[in-house]
Amino acid sequence: MTGAAARLWAMILKEALQLRRDRLTFAMMFIVPIVQLILFGFAINADPKGLPTAVLVSEHNEMSRSLLSAIANTGYFAITAEAATEAEADALLQRGEVQFVITIPGGMMRKLVRGEKAQLGIEADATDPATTGPAINAVTQAVNQALARALDGPLAGLRPPPQPMEVVLHRRYNPEGITRYNIVPGLLGIILTMTMVMMTALSVTRERERGTMENLLAMPVRPFEVMAGKIAPYIVIGAVQVPVVVVVARLLFGVPFVGSFAVFAAATVLFITINLAIGFAFSTLARNQLQAMQMSIFFLLPSILLSGFAFPFRGMPGWAQALGEVIPATHFLRIVRGLMLKGASTADLANELAVLAFTLVAVTALAVSRYRVTLD
């Protein structure tokens, strides 16, 4: 072996040994591609089915049952609630508990017998046009099939060339189905996740690499005080980012804001603090800034794919939705879209706010406990 070859081999061996010692980087090289393959292969679905649907039926008869059965058989609609009044149906749609409300008015059979055109009402939560589009397209065909079965025997003569029933669709909260009304508010959550987590993920590791960790440990401060002191400046930075994004969304993209600014501000500060606490927890686990950055990227990936930002949340399989419910961005996106597009009240968003509050407590406890370990 020549001198050049020996030196080259020594460098290769040295790098291989270094990589073996850096187990986190070595694991990320294999884990990230596998996670991406699983998420894109199984969790991402641009044609969501089984969407929760409420029904408002004025008269229960053979025709209404046939229509609901045909609509359910499309696979796009899962009837999860039956509303007694229009107000109750509207509340279900407002809170996001259902994606559709199907209204079957009274006197439908009498209109068909008289040769008049009946109407079937569908109200859709169109805050995410990608979720509702395929389902809406399947309704008309399902109704025609139901009528073909119902208008049989003596009623067969009632099948005129024009369709005897009209499907009346109301796209709520986003009547024109504008995609940016869904994407731009969601982008706020992703921007805050990316910037806030990465900022604090480097905090403790930076102290360690610069050799100032010993000074920090010698200070008479408790772990929680260290954490609070490190994330407080970044809360201010996040508070500056948010108005900029909201103003640009309103002026440049025309995204409406019909909800409460006070609730929005409270939820945003809560979400910013959660992400900063997560970043601080990463910094106590990582040995260097590279590892802290790798953890941040690994956390950002599911935040984009499983939160409902890029793909319909209800289109994912059950296990992916369960994972998505653990991600803070999922709940923040629901809050932001609910406030900006629906004008949701605090009561409508109470569950999402409670989940974020619980997440903050849990992440803070984890970060403080891990920092206490570093004191040993």
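Me: What share of the 376 residues in the protein is buried?
Reply: In this predicted model, buried residues make up 45% of the 376 residues.

Me: And how much accessible surface does the protein have?
Reply: The accessible surface comes to about 18600 Å², and 64% of that belongs to carbon and sulfur atoms.

Me: Which residues form a nonpolar patch on the surface?
Reply: The patch is formed by Val236, Val240, Val244, Val248, Leu252 and Phe253, which together have about 540 Å² of accessible area.

Me: Where is Val244 found, and why is it called partly exposed?
Reply: Val244 is found in helix 10, which covers residues 223-252. Val244 counts as partly exposed because its relative accessible area is 49%, and that class lies between the limits of 20% and 50%.

Me: Switching to the fold, how many helices and strands are there?
Reply: The protein has 15 helices and 5 strands.

Me: In what order do the strands form the sheet?
Reply: The 5 strands form an open sheet with mixed pairing, in the order 2-1-3-4-5. Its edge strands are strand 2 (77-82) and strand 5 (165-172), each of which pairs on one side only, and the twist averages 25 degrees from one strand to the next.

Me: How many bridges join strand 4 to strand 5?
Reply: Strand 4 (residues 118-125) runs parallel to strand 5 and is joined to it by 8 bridges; in one of the pairings between residues, Ala118 has Met165 in strand 5 as its bridge partner.

Me: Which strands does helix 3 lie across?
Reply: Helix 3 (residues 62-73) lies across strand 1 (51-57), strand 2, strand 3 (100-104), strand 4 and strand 5, and runs at about 155 degrees to strand 3.

How values were computed. Residues numbered from 1 in each chain as written. Predicted model: local features only at pLDDT ≥ 70, side-chain atom pairs only at ≥ 80, totals over all residues. Heavy atoms only, no water. Patch = residues over 30% accessible without salt bridge, like charges linked within 9 Å, V, L, I, M, F, W, Y side chains within 5 Å. Areas by Shrake-Rupley, 256 points an atom, 1.4 Å probe, with all protein chains shown as cover. Salt bridge = Lys/Arg side-chain N within 4 Å of Asp/Glu carboxyl O. Helix = DSSP H or I, 4+ residues; strand = E, 2+ residues; numbered from the N terminus. Buried < 20%, exposed > 50% of the residue type's maximum accessible area, 1.4 Å probe, protein only. Pairing = 2+ DSSP bridges. Axes fitted to C-alpha atoms, helices over the stretch in contact; angles between N-to-C directions. Contact = heavy atoms within 4.5 Å.
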